[in-house]
Amino acid sequence: MTTTAPARVRAGGRSEEVRRRVATACLELLAEGSSDLGPAQVARRSGVTRATIYRWWPSRAALIAEALTEHTGVRLEPPDTGTWAGDVRALAAAMAAFFSDPVEVSQNLIMANGHDPDFEQLVLEHYAPLFAAWRAVVERARSRGDLAPDLDADAVVLALASPLVLVPLLFHRALRADEVVRHADLIVCAAAAPSQ
């Protein structure tokens, strides 16, 4: 399901305030476990009129896209520390903080229950560029010779991200800093190129 991105409102002023209020309302609803981001629900939560919401975000998909854009922002920019170990540790720390965010936990729970495939598709489409950027971190290290040449970048990203997603989702807690470091170091060692 491909969606058209909502028309961006101009930065600053009343338009930006409306955009922020709508995005915040959508994120609050998601954090409460609701993917039913209809104009009526968002209008009640945000205080923005339904007419304005319909004009700027004419569909549920547009509201979800706005919320996800606000949610991800620049929080998950891929690191470039110059070393494989540094990149993995920095990425793991950023992912751990992000995946323990209440919005992210609720969103992952909604996706895991499988009752809203349209929402799941929208989330996966929105996150595709992030996944590509994370894969690029692995591919950059492989091109430097830091990793085994036949190592699959998707497998590394999934191995890194999975516990960082699952611990907040299943155990209802964020990983401690020492746990994140140990996990990152495990990925660093597992993916490292064999010694010459």
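Which residues of helix α2 (residues 39-46) are buried?

## Helix α2 and its cover

The buried residues of α2 are Pro39, Val42, Ala43 and Ser46, where buried means under 20% relative accessible area, exposed means over 50%, and partly exposed lies in between, with a 1.4 Å probe and protein chains only. Seen down the axis of α2, these residues fall within an arc of 105 degrees, so they line one face of the helix; the arc is taken from the directions from the helix axis to the C-beta atoms. Helices here are DSSP runs of H or I with at least four residues, strands are runs of E with at least two, and both are numbered from the N terminus.

The cover over the buried residues of α2 includes α1 (13-31), α3 (50-56) and α4 (60-72), with contact meaning heavy atoms within 4.5 Å. After α2 comes Gly47, which has a positive phi, near 80 degrees.

## Basis of the model

The model is predicted, and local features need pLDDT of at least 70, side-chain atom pairs count only at pLDDT 80 or more, and totals for chains, interfaces and linings use all residues. Residues are numbered from 1 along each chain as its sequence is written, and side-chain values use heavy atoms, with hydrogens and water left out.

## Val156 in helix α8

Val156 is found in helix α8 (residues 153-171) and, because its relative accessibility is 8%, counts as buried. Leaving aside neighbours within four places in sequence, Val156 is in contact with Trp84, Val138, Leu151, Ile187 and Ala191.

## Aromatic pairs

A pair of aromatic rings is described by the distance of the centres and the angle of the planes. Rings of Phe, Tyr and Trp (its six-membered ring) pair if their centres lie within 6.5 Å, and planes under 30 degrees apart count as stacked, over 60 as edge-to-face and the rest as tilted. By this rule there are six aromatic pairs. In one of them, the rings of Trp56 and Trp57 have centres 5.6 Å apart and planes at 70 degrees, so the pair is edge-to-face; both Trp56 and Trp57 are buried. The rings of Phe131 and Trp134, with centres 5.4 Å apart and planes at 65 degrees, therefore also form an edge-to-face pair.

Phe131 and Trp134 both lie in helix α7 (residues 117-143), three residues apart, which is about one turn of the helix. Phe131 counts as partly exposed at 28% relative accessibility, whereas Trp134 is buried, with a relative accessible area of 1%. Together with Phe98, Phe99 and Tyr127, these two residues form one aromatic cluster.
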